[in-house]
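Here is a briefing on a single predicted chain. Read it alongside the coordinates.

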Amino acid sequence: MIKIFSLILFFLSAVCISRAEEIFPASQIKAGMKGTTYTVLQGTNVVPLETEILGVSEDYLGPGKDLIIAKLVDEKTKLTGAVHGMSGSPLYIDGKLVGALSRRIAMFEKDGHCGFTPIADMLTINQKAKNVKIASHPKRFFPGYSWLQNDEKSGWLSVPLSMSGVSGYAKKIIDKIWEGSGFFMASGGGGRGQSQPGAELLPGAPVSVALLTGDLHMAGTGTVTWRQGDQLLAFGHPMFGWGDVELPLCEAEIVSTVPSYEMPYKLANVRRTVGTLTQDRLSAVGGVVGPMPTLPRYRVTVQWENQQSKVYEGNFVSHELLTPVILASLVGSVLLENDEASAKWSVALKGQLALKGHEPLNFDAFSSGNERDVMGLIFGVAQRG
């Protein structure tokens, strides 16, 4: 049976925690030292992980950019090693901050080998300009192209993405949309409690960077490394590598740490927005707790044949490369989130993207056929955006 429905889109644009940390210099690190890595494996409680220092790999990340090589030897990580979502978990030696967990050295072996970005390199991003600007990117990388820098070949721990309503047909399409991005689309992951508190953004706690909020949500989750006052650093590597950014910074809770030889990861629920991510650099991401970013609004109405319409509302991140991918993910999610979806169907899409200072961009498309045909319509949203 072919399902028929219309989809109407309307997008509105909008235009001191603790004392200063003592630092353990990377130059003083020696093989055989014992340290402790802090992270959340479930819920909101930060737990310690025994860590053995193996040494320092000089110029691993570039000229003058070393990588601390260590091994998680804790019983709690015996089955997982370093997992995607642990990015930013702080490492301490003798109570002094050493750096942030940022890499898996071995892809499949579970012997715990991992890399830590020195905290001295991370702290330099706080010296960047305070004025938030969205970087200019002349090229269009969508879809199917490695348009982000944190791909698997780099060795960085991926940032697990969670998005509401993604299962079955939807997950297949969302995975395709983000193919080549270097992000890992985690199965499930909630966002209904976006007004509820999560773990306080202190070292070792989970932190989410939201791309889509409201009735539908999308966010990537890592770990806080350092906080002083309202300033914080996380991840130990880039999210996108785009320099000055303006993205919602959210609290989170960890549902579970999922063991897997291929792709172990943290499954997270995103909670309330508490600040803004302002820096996305090679050694870390950084942000401020308190000020909130101003985001455009979306409103999507889905009308299945002979059924009452359903409306989704919220906000999305404004960025010339990222926004088209987010909107395509949004459309794919609402099309395929319920039992009306089937192998063959017809889709009518009508909508408008309103941009301040520009003529509205209208959407008017129709597709009938199988999953591949509908996917082409969804990709069309991104390409026009």
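Phe 235 sits in the loop between strand S12 (231–234) and strand S13 (243–258). Its phi is positive, about 75 degrees, although Phe 235 is not a glycine. Phe 235 counts as buried because its relative accessibility is 0%; buried means under 20% relative accessible area, exposed over 50%, and partly exposed in between (1.4 Å probe, protein chains only). Strands (E, at least two residues) and helices (H or I, at least four) are DSSP runs, numbered from the N terminus.

The model is predicted: local features need pLDDT of at least 70, side-chain atom pairs count only at pLDDT 80 or more, and totals for chains, interfaces and linings use all residues. Residues are numbered from 1 along each chain as its sequence is written, and side-chain values use heavy atoms, leaving out hydrogens and water.

**Backbone**
- Asp 94 also is not a glycine, yet has a positive phi of about 55 degrees.
- Asp 94 lies in the loop between strand S5 (90–93) and strand S6 (96–104).
- Is Asp 94 buried or exposed? Asp 94 is exposed, at a relative accessible area of 68%.

**Confidence**
- The chain has a mean pLDDT of 80, and 77% of its residues reach 70 or more; pLDDT is the predictor's confidence in each residue, from 0 to 100.
- Residues 1–19 have pLDDT below 50, with 76 contacts in the model beyond near neighbours in sequence; a contact means heavy atoms within 4.5 Å.
- Residues 129–153 also have pLDDT below 50, with 63 contacts beyond near neighbours in sequence.

**Barrel**
- Six strands form a closed barrel in the order S2-S3-S4-S7-S6-S5, with antiparallel pairing.
- Neighbouring strands of this sheet are turned by 45 degrees against each other on average, direction ignored. Axes are lines fitted to C-alpha atoms, for helices over the stretch in contact, and angles run from 0 to 180 degrees between N-to-C directions.
- Strand S4 (residues 65–72) pairs with strand S7 (residues 113–118) in the antiparallel sense, over four bridges; strands pair if DSSP finds at least two bridges between them.
- Ile 69 stands opposite Gly 115 in S7.

**Aromatic pairs**
- The whole structure holds two aromatic pairs. Rings of Phe, Tyr and Trp (its six-membered ring) pair if their centres lie within 6.5 Å; planes under 30 degrees apart count as stacked, over 60 as edge-to-face and the rest as tilted.
- Tyr 38 and Tyr 92 are edge-to-face, at 5.6 Å centre to centre and 80 degrees between the planes.
- This pair links distant parts of the chain: Tyr 38 in strand S2 (residues 34–39) and Tyr 92 in strand S5, 54 residues apart.
- Tyr 38 is partly exposed at 29%, while Tyr 92 is buried at 14%.
- Phe 240 and Trp 242 are stacked, because their ring centres are 4.6 Å apart and their planes at 15 degrees.
- Phe 240 and Trp 242 are buried.

**Salt bridges**
- The count is six, where a salt bridge is a side-chain nitrogen of Lys or Arg within 4 Å of a carboxyl oxygen of Asp or Glu.
- One of them joins Asp 121 to Lys 65, with the closest N and O atoms 3.9 Å apart.
- Asp 121 is in helix H1 (residues 119–123) and Lys 65 in strand S4, 56 residues apart.
- Asp 121 is buried at 13%; Lys 65 is partly exposed at 23%.
- Glu 253 bridges to Arg 271, with the closest N and O atoms 2.6 Å apart.
- Glu 253 lies in strand S13 and Arg 271 in strand S14 (residues 265–280), so this pair ties together parts 18 residues apart in sequence.
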